[in-house]
Amino acid sequence: MDSKDLSLAPLTQDGPRREAPGGRTGKDWSCWLVVASLVGAFGSSFLYGYNLSVVNAPTPYIKAFYSEVWERRYGHPIDPDTLTLLWSVTVSIFAIGGLVGTVIVKMLGKALGRKSTLLINNVFGISAALLMAFSLLAGAFEMLIIGRFIMGVDGGIALSALPMYLNEISPKEIRGALGQMTAIFICTGVFAGQLLGLPELLGKESTWPYLFGVIVVPAVVQLAVLPFLPESPRYLLLEKHDETGAVKAFQTFLGKADVSREVDEALAESRVQRNLRLVPVLELLRAPAVRWQIITVGVTMACYQLCGLNAIWFYTNSIFGNAGIAQEKIPYITLSTGGIETLASIFSGLVIERLGRRVLLIGGFGLMALFFGILTAALTLQDRAPWVPYLSIVCILAAIASFCSGPGGIPFILTGEFFQQSQRPAAFMIAGTVNWLSNFAVGLLFPYIQKSLDSYCFVVFAAICVAGALYFYFVLPETKNRTHAEISQAFARRNKVQAPEEKPGPATDGKKENGTASTLDNCVKNRVV
């Protein structure tokens, strides 16, 4: 073993474990860990992805519904600019709801825990689904807009609570792979929205409200299964001080009886923090020891939303229409984008523990910039040759694959890895705020950017991708299979603070038995280089 392995050896009760390719071990993947990740993601990030794409297929029918209601109420046809504004609000208010959800998730997470927050969140999802599904029957487009807002609240809570839950129940050896469940189910949700939006299924004038009613299904599944799974063991141990409950939760999720190593690692993190309390957002923003971690999370989330993929998800039909694709072919080509997203996100989950977060982020954004540049040229020259519109399709699919293979899920993983237990809720609130404000900006402004810049609109997104790739190349350290102390050390010089050291627990502050520190405290000290 190298020096790092030797420093970790005292904390391992079962001896060194044989690792599978990519840094994983077969023992890490227990049945209940897989069930928790699948059910948690299906009722949370799946719905976020579904609501990104579900408004795309029924767009003409929803606009016709808006026009009909307006004329019936006011006695004259709706102005085209007013209709564009109403539609932009319908799309982008999802992000405003997400911002509200992000703000309240810290309060819910502290009072209820990670699992209970996910369960309570289903109330928002079911309420939104009913409002949107019955908007046509009630003849009120306001119900659709309010439902989109409430669905955004559901997404804001889910995209903070779910990554925290997955981060805290998984061993560090598979933390990245399990964290990719968030991205995989976002892409699966996008694909499901596109599939159900086909004219042969629910994408018809008479059935488009059912597209929103389907949202009830994942919420009900999560409500039925998640109560039988344990709460986050780190939350139980470090915030509720329930050591017995934490040990049982670790045993359930890890599928083994001896979890002393995992408990010791959690207690070591607690010793770093001494008296545990949740750090307020403003205090976290002012803390010099995490300054560059916060900046990096903000840049990552901003690039995640502003890189152009949400514009493609929101306005796929209009983009393909402008590229010269026949109207009747667009729904099926749109469906291919969802399939590519899902396959690319699964690929990322398989290789993330082998290649690491840094390579996938830099490579993903770099390739996106390249394909957006080619797409701009193809859109400009689409009338020059009959094959040029198909080059546009290839570029869009390649950009989507580049995004989902790295940038699509890693931002949520990094937010959980950069911060201690007491800082994590505030960090997710900051990350979520940047995420949803950027999402709102794209949803509201992209139609106007497209109208002003026409085929050159993707140059803006290419520039953002290049800037993000350069930032990650110079600033982001690799976090694969590293503890929080090791990640903090990587940022220490840039933050201009001393590298963190684990502080001895109360038992070593002059009250040691026989005048010696415990074996665990010595091991914890030795783990920091």
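Trainee: How many cavities of 30 Å³ or more turn up in a search of the whole structure?

Mentor: This is a predicted model, where local features need pLDDT of at least 70, side-chain atom pairs count only at pLDDT 80 or more, and totals for chains, interfaces and linings use all residues. Residues are numbered from 1 along each chain as its sequence is written, and side-chain values use heavy atoms, without hydrogens and water. A cavity is a set of points on a 1 Å grid over the protein atoms alone where a 1.4 Å probe fits but cannot get out. At 30 Å³ or more, the search of the whole structure gives six.

Trainee: What phi does Gly113 take?

Mentor: Look along α5 (residues 80-112), which has 33 residues. Just after α5, the phi of Gly113 is positive, at about 95°.

Trainee: How far apart in sequence are the parts that Tyr48 and Trp436 tie together?

Mentor: The structure has 20 aromatic pairs (ring centres within 6.5 Å; planes under 30 degrees apart stacked, over 60 edge-to-face, the rest tilted). Tyr48 and Trp436 pair edge-to-face, at 5.5 Å centre to centre and 85° between the planes. Because Tyr48 lies in α3 (residues 45-53) and Trp436 in α24 (residues 424-453), the separation is 388 residues.

Key: 1 Å grid on protein atoms, 1.4 Å probe; cavity = no way out; pocket = protein on both sides within 12 Å on 5 of 7 lines; lining within 4 Å. Points joined across faces, edges and corners; volume = space filled by probe spheres on them. Helix = DSSP H or I, 4+ residues; strand = E, 2+ residues; numbered from the N terminus. Expected span 1.5 Å × (residues − 1). Phe/Tyr/Trp six-rings, centres within 6.5 Å; stacked < 30°, edge-to-face > 60°.
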